[in-house]
Amino acid sequence: MQKENVASYTENIRIINVSKNIFTKEQQVLFLNNSKNYRYHLAYELLFFTGTRRSEILGLSWDKVNFSNNTIFVSQVLVVVNNEPKLKAIPKNKSSIRVIPLPQELMNKLLILKKEQEEYFSKHKYTNMYNLVFCTKKGDVYNPNNLLQNMKKRLKRLGLPKDLHIHSTRHTFATNLIHNKVAIVDIQKLGGWANPDILLNLYAHTLQESQIKAIDELYANFKK
């Protein structure tokens with residue numbers, strides 16, 4: 001009789017080893033202040049305060065911006081295929097399709113950009129070909145690599161750590177929410193992660209710090 005393989009009842013443990021370098025508040029302020037008068041500034045702000053991926057922000061279209069309830073709907077991405085930027089209707093995974101609330105100040109900036117864009121295209125007789133929030137002066141798609149390279153140059157010019165990169169904005173967003181005691185399930189939904197386990201793996205150290213702080217505060221409040 002063949003022996004039963006008890007290992008078949010076990011579950012593989014997935015180890016995720018990802019560098020998650022984040023911006024400190026001071027570094028974030030420095031970077032955003034430095035890019036204030038630059039065309040990518042609002043895109044950078046959205047990356048920092050929505051946890052979106054570069055492809056999602058550059059794929060955001062005006063019909064997905066809801067000015068009545070201050071949200072954006074992430075449902076398409078701009079990616080590079082065979083060295084050419086392409087819009088794709090299907091994001092990285094189903095959980096990537098999501099609604100993200102925005103602060104009123106960011107919504108106001110988007111409204112200003114929309115009006116400026118419409119006036120510019122009307123004056124120069126260009127058309128926003130894909131109705132994108134961020135597009136070239138002739139109304140075409142940005143190459144996602146341009147945003148990547150621009151950020152690299154700005155980080156270097158400001159003397160910020162070499163291990164910071166454009167995806168660090170996403171890690172910064174998640175870490176800040178964890179420190180603000182936002183529930184993991186809410187962070188997962190806002191950031192479009194496939195499941196909470198990914199967050200638990202990626203941010204285990206940050207979570208531990210947040211848990212220690214929460215317990216300390218709970219005890220301190222009890223002792224008052």
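1. Asn66 has Thr71 of strand 2 as its bridge partner. Strand 1 and strand 2 (residues 71–74) pair in the antiparallel sense over 2 bridges. Strands pair if DSSP finds at least two bridges between them.

2. This is a predicted model: local features need pLDDT of at least 70, side-chain atom pairs count only at pLDDT 80 or more, and totals for chains, interfaces and linings use all residues. Residues are numbered from 1 along each chain as its sequence is written, and side-chain values use heavy atoms, with hydrogens and water left out.

3. The open sheet has 3 strands in the order 1-2-5, with antiparallel pairing. Its edge strands are strand 1 (65–66) and strand 5, each pairing on one side only.

4. The chain holds 9 helices and 5 strands. Both are DSSP runs, numbered from the N terminus: helices are H or I with at least four residues, strands are E with at least two. From the N terminus on, the order is α-α-α-β-β-β-β-β-α-α-α-α-α-α.

5. Phe73, Ile97 and Val99 make a nonpolar surface patch of about 240 Å². Ile97 lies in the loop between strand 4 (84–88) and strand 5 (98–101). Ile97 is partly exposed, at a relative accessible area of 41%.

6. Of the 224 residues, 40% count as buried. Buried means under 20% relative accessible area, exposed over 50%, partly exposed in between (1.4 Å probe, protein chains only).

Terms used
Patches are made of residues with over 30% relative accessible area and no salt bridge: like charges are joined within 9 Å, nonpolar side chains (Val, Leu, Ile, Met, Phe, Trp, Tyr) within 5 Å. Accessible areas come from the Shrake-Rupley method with a 1.4 Å probe; for residues, only the protein chains shown count as cover. A salt bridge is a side-chain nitrogen of Lys or Arg within 4 Å of a carboxyl oxygen of Asp or Glu.
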